[in-house]
Structures are given as structure tokens and as C-alpha cells.
Amino acid sequence: MSEINWGQLGFGYVKTNCNARCEFHDGKWGEVTLTTDETIPMHIAATCLHYGQEAFEGLKVFRGVDGKARFFRIEENARRMINSAAYLKMEAPSEVLFIKACEEAVKANAEFLPPYGTGASLYVRPLLLGITAEVGVKASKDYLFVVFVTPVGPYFKNGFAPIDVVIERDHDRAAPRGTGHTKVGGNYAASINAGAAAHEKGYANELYLDAAEQKYVDEFGAANFFGIKDGKYVTPNSRTVLPSITNKSLRTLAQDLGLVVEDRPIPYEEIKTFEETGACGTAAVISPVGNIYDPKYDVTFHYDAPGKVSTQLFTMLQDIQYGRIEDKHGWTREIDI
Ligand code: PLP
Ligand code: COI
């Protein structure tokens, strides 16, 4: 393994020792195996390639202050993959199989888990692919489940530093009754153009409004949205938003802080009334938003970021993830590496 400068890591792919795999054939899952192969041999007519029959997950392992390694809410990721797969008529690994494959991939790559204090963590990427050769649009009979890991730093440059974002009005990431609530590649394919345009203009991410009317806030290309005002944590309740595990956790932590949690549609007009807004997700953790620009009205909504509540939530979340405070909600799962 070449020397990794943990503190300088961005969010990208670093080659590790191996990945874990498991295949579904004839109605059942096989054994989990480890392979050093970073490629996937696949039929040219596999359904994942043509019809987007694929789902993925993203979760992290943290090296704690006490030296222990911990997954954060891995069971939730397993359940979300089961939901995503069901929506695309795919076979999903059971919760037990999902966790086993993740554990094996992490154990076989223990030296890639960033040390405590570097701000980095080990990102785990489970991937589910339909691999049967079909030319008609239909579900695969065969599936490949792969888990690879890669050490990562912050998704948005500079970690817990304010980001500027732009409201996206020319592209939707998900249709009103489409796949937005699932973690499938198609949602991200739909967002790549808008994401690239946002980056070119210097914005960290694009913020989507509801696809039907553009009247409500949905989410960012790679994270959920939350706003803080009047002692409340407000986050969109929308069928087209990915049910973020980080956001779910922040809702609980906000309650622990004595905030009222409102899970409801957020009208566009409300954006200017928030004291703080932020992006949250596994990769993003919490990224406080400094400015939201709306090209339609050439208006910028500004926040003095990072705000007090976002900072408290970020600290509480990371204290649990890095084992600095008691995990009273039972969110972490130790892994012996
Ligand atoms: N929304 C989108 C579109 C995402 O890609 C992610 C990342 O997984 C999230 C939200 C945050 O979800 P989670 O907190 O489960 O990582
Ligand atoms: C995550 O936060 O895990 C994500 O999947 C976001 C992005 C990298 C797609």
C-alpha cells in the first residue's frame, strides 16, 4: 500500500486490496467471496447496462477515539437497498447478507481505514446489478452484489465550511411518481448535467425543487436539505427525495437538542425565512449553506454560516460516529479490525 496522506483525501476512488462479491442465480444467493479484480466481466446485454437495473448504497466506517472501528447505521442502508431493489423489480441481498459482505470488504481492507483525528473515514459502496442478458425491457433473473471500500475525506471542499449552491430549474432529478425516493443510478444520471453546470459556475451543488410545479424545495444532487428557524428543524417531506439516513439521524438529534422537528413540504418562499440551511448526507455529513442563488429571479439567499444549530448538530453526529460520546440511540456497529 502506498502512503496515503489521510488529511488531504478528497472524495474519490483509492485502490484497495480487494472487494466482496456475491451472486444470485436460480433463485438464491451464493457465498460472499473476496476478489482483487476491480473489474466486472459482464454480458453485453445485461439489464443494468441497458435499462438501468442497478441500485447502490453509501455508508461509512469510522476509527473512534477509543481505537474501535464502527459502521454508522448499516442496517438502515441494508433496508434502503431492499426498498430500492423492490422498486426496480430486483432481487436484493437480505439485511444479514448485506452486513456480512460489507464486514468482509472492510476487514480485508483494514489498513485503508483512516486513523482517528484525520477527519477521513472509510466509505463503503454496496452495488447491486441486474446481470441477465435481456433485450426486452424486463427484470433480470440473475444479480451481482458487490461491495468495495475507499478511504475518503470531505465531499464538499474544506469539510464543515459554508458552501454556495444554486437552484436548478432546467433539469429534474426525479419525476413526481418516479424513482427519487430510491438510491438508483438513474437519479444520478439525470443530475450529472446540472451538477456539472453548477460546478462550472463555482457552486458546490445544485438544489432541486419539486418536479411537478417547482413550488417546493426537494433536495440537493447529493444530499438532503434542512432549514433551521425559530427553534425548529425543518426538512422536506417529499416522495421524490431520497430518505437520507443522516437526515433521519439529525431529526433525532435535533429533538435531543430540544428543537421541534417539522417534516413537511417547504414552499420556495420559505427559503428566505430560515436562519440556517444545510446539506446533509453520508458523503456531505453536514455542509452549512452560505448562499443559495436562484437564477430565475437573480436573487441570492444569504446565511451567516456555519450557524449555531448546524454546528451543534454536526458536533453531536460526529461525536457519535467517532465514539466520543455515548451512542445512546444504538446507531453504531463495531467491527473488529
Ligand atoms: N440525497 C441524495 C440525492 C444522496 O445521494 C444522498 C447520499 O446518499 C443523500 C441524500 C443522503 O443520504 P444518506 O444520509 O443516507 O447518505
Ligand atoms: C452518499 O452520501 O453516500 C452518496 O451516495 C452521495 C453521492 C456520493 C452520490
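Two packed helices are described by the angle between their axes and the distance between the axes. Each axis is a line fitted to C-alpha atoms, and angles run from 0 to 180 degrees between N-to-C directions. Keep in mind that this is a predicted model.

**How α2 and α3 meet**

- Helix α2 covers residues 74-87 and helix α3 covers residues 95-107; they pack at an angle of about 120°, and their axes are 9 Å apart.
- Because of that angle, α2 counts as oblique to α3.
- The two helices, α2 and α3, cross in a right-handed way.
- On the α2 side, the contact is made by Ile74, Glu75, Asn77, Ala78, Arg79, Met81 and Ile82.
- On the α3 side, Glu95, Phe98, Ile99 and Cys102 make the contact.

- Which residues of helix α5 (residues 192-200) are buried? They are Ala194, Gly195 and Ala198.
- Looking down the axis of α5, you would find its buried residues within an arc of 100°, so they line one face of the helix.
- The face of α5 turned away from that buried side carries Ile192, Asn193, His199 and Glu200, which are exposed.

**What surrounds α5**

- After α5 comes Gly202, which has a positive phi, near 90°.

Key
Residues numbered from 1 in each chain as written. Chains lettered and ligands numbered in written order. Predicted model: local features only at pLDDT ≥ 70, side-chain atom pairs only at ≥ 80, totals over all residues. Heavy atoms only, no water. Helix = DSSP H or I, 4+ residues; strand = E, 2+ residues; numbered from the N terminus. Parallel < 35°, antiparallel > 145°, perpendicular 65-115°, else oblique. Left-handed = near helix turned anticlockwise from the far one by under 90°. Contact = heavy atoms within 4.5 Å. Buried < 20%, exposed > 50% of the residue type's maximum accessible area, 1.4 Å probe, protein only. Arc of directions from axis to C-beta.
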